[in-house]
Amino acid sequence: MPVAARALPSFAGGPDRSLHCQEALEAEFQHLAAKAEAAGWSRDEVAEALIELAENNYLTMNAETETFELGAGVVLIAPKYH
């Protein structure tokens with residue numbers, strides 16, 4: 001189910017942009033964590049799962065760039081068949 005986060009405020013540019021995004025997502029984030037706890041998961045399990053989901057999302061978003069950067073300088077040589 002899609003989450004309707006608060007809209008980006010007009011003043012949300014600059015160095016506090018990340019903080020504004022966190023504030024916009026916080027209520028839904030807390031609601032999701034509470035639902036998981038109510039379903040029987042411990043607070044530690046929920047926290048670990050949310051962290052891993054966030055990391056996986058970040059890695060997926062940046063996979064193409066990361067792969068390119070990690071592969072820079074690597075030369076692949078095709079096998080020679082005699």
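## Surface and pocket report

The structure is a predicted model, in which local features need pLDDT of at least 70 and side-chain atom pairs count only at pLDDT 80 or more, while totals for chains, interfaces and linings use all residues. Residues are numbered from 1 along each chain as its sequence is written, and side-chain values use heavy atoms, with hydrogens and water left out.

The protein chain holds three helices and zero strands, where helices (H or I, at least four residues) and strands (E, at least two) are DSSP runs numbered from the N terminus. Read from that terminus, the order of its elements is α-α-α. Of its 82 residues, 7% count as buried. The accessible surface of the chain, computed by the Shrake-Rupley method with a 1.4 Å probe, comes to about 7600 Å², and carbon and sulfur atoms account for 61% of this area.

Arg43 belongs to helix 2 and forms a salt bridge with Glu37, the closest N and O atoms lying 3.8 Å apart; such a bridge requires a side-chain nitrogen of Lys or Arg within 4 Å of a carboxyl oxygen of Asp or Glu. A search of the whole structure finds one salt bridge.

Both Glu37 and Arg43 also line the second largest pocket, together with Phe29, Gln30, Ala33, Val46, Ala47, Leu50 and Ile51. On a 1 Å grid over the protein atoms alone, a pocket is an open set of points where a 1.4 Å probe fits, with protein on both sides within 12 Å along at least five of seven lines, and a lining residue has an atom within 4 Å of a point. The space in this pocket is about 160 Å³, a volume being that filled by probe spheres set on the grid points, which are joined across faces, edges and corners.

Helix 1 (17-38) and helix 2 (43-61) each contribute at least two lining residues, and helix 2 gives the most, with five. By class, the lining divides into six nonpolar, one polar and two charged residues, where Ala, Val, Leu, Ile, Met, Phe, Trp, Tyr, Cys and Pro count as nonpolar, Asp, Glu, Lys and Arg as charged, and the others, Gly among them, as polar. Phe29, in helix 1, has its C-alpha 9.1 Å from that of Leu50, at a sequence separation of 21 residues. For Arg43 and Ala33, 10 residues apart in sequence, the C-alpha to C-alpha distance is 8.0 Å.

Tyr58, Leu59 and Met61 make a nonpolar surface patch of about 350 Å². Patches use residues with over 30% relative accessible area and no salt bridge, joining like charges within 9 Å and nonpolar side chains (Val, Leu, Ile, Met, Phe, Trp, Tyr) within 5 Å. Met61 sits in helix 2.

Relative accessible areas of selected residues:

| Residue | Relative accessible area and class |
|---|---|
| Phe29 | 40%, partly exposed |
| Glu37 | 33%, partly exposed |
| Arg43 | 64%, exposed |
| Met61 | 56%, exposed |

Conventions. Buried < 20%, exposed > 50% of the residue type's maximum accessible area, 1.4 Å probe, protein only.
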